[in-house]
Amino acid sequence: MRFLKILLLLSLISTIVIYLNSRTWELDLIAGLQENGNSFSVHFFQFVTDSNSYVNVGIPVVLLIIGLIRHDKLLREKALLVLFSLALGGILSYGIKKTVREPRPYEVDRRITQLSDGGGYGFPSGHTLEATAAAACFSILWPELPIVAASICWVLLIMASRIYLGVHDPGDVMGGLFLGILSCLVVLKTGDSLRHARAKAP
């Protein structure tokens, strides 16, 4: 939990710093990555980005179904917390995109090719937000080393894929990282408060 709070702060600071300074380096980075890429890297990152919702939503849904079948209340609650975090993240992403109206990298730099779907505005990265919200919840609710390591790797892959495919810049994915962690922490904190309230109720 402490690590996530530190990462929350660092991602917020990074997002602010990126957006307050000249951002030409972000476009140069994406253009350079695409110029030096190949068909394998395009297909690999496209597979990663296409798998995002299947992993982030599919896993907690499967866990929820297993919890219902086995009458495992704790497993059901954990799965629902992940899904609620994703729902909150989706609401935040939609609202901020409509407010900020940040263009996509390929819309402002002709060197950058749109290699994946990217509907709507750029900030924040919805894929990164979703992956981070799910990964953060999994890391807290199931704090075993393999799960934590897999969660970190998954988020990094999603972030890299969105940048490489030309649909987001580093500022977008850092914003998604911040909001994903925030969504997870808010939902888990709310869940803890509700459990404590129920426990104290006569």
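Arg-23 forms a salt bridge (a side-chain nitrogen of Lys or Arg within 4 Å of a carboxyl oxygen of Asp or Glu) with Glu-102, and the closest N and O atoms of this pair are 2.8 Å apart. The two residues belong to distant parts of the chain, 79 residues apart, with Arg-23 in the loop between helix H1 (2-20) and helix H2 (24-35) and Glu-102 in the loop between helix H6 (73-100) and helix H7 (105-108); helices here are DSSP runs of H or I with at least four residues, numbered from the N terminus. The structure is a predicted model, in which local features need pLDDT of at least 70 and side-chain atom pairs count only at pLDDT 80 or more, whereas totals for chains, interfaces and linings use all residues. Residues are numbered from 1 along each chain as its sequence is written, and side-chain values use heavy atoms, with hydrogens and water left out.

Arg-23 is buried, at a relative accessible area of 18%, where buried means under 20%, exposed over 50% and partly exposed in between (1.4 Å probe, protein chains only). Glu-102 is likewise buried, at 15%. A salt bridge also joins Arg-23 to Asp-169, with 2.9 Å between the closest N and O atoms. Asp-169 lies in the loop between helix H9 (145-164) and helix H10 (170-200), so this pair ties together parts that are 146 residues apart in sequence. Asp-169 is buried at 5% relative accessibility.

Arg-111 forms a salt bridge with Asp-28, the closest N and O atoms being 2.8 Å apart. Arg-111 is found in the loop between H7 and helix H8 (126-141) and Asp-28 in helix H2, 83 residues apart. Arg-111 is partly exposed, at 46%, and Asp-28 is partly exposed, at 42%.
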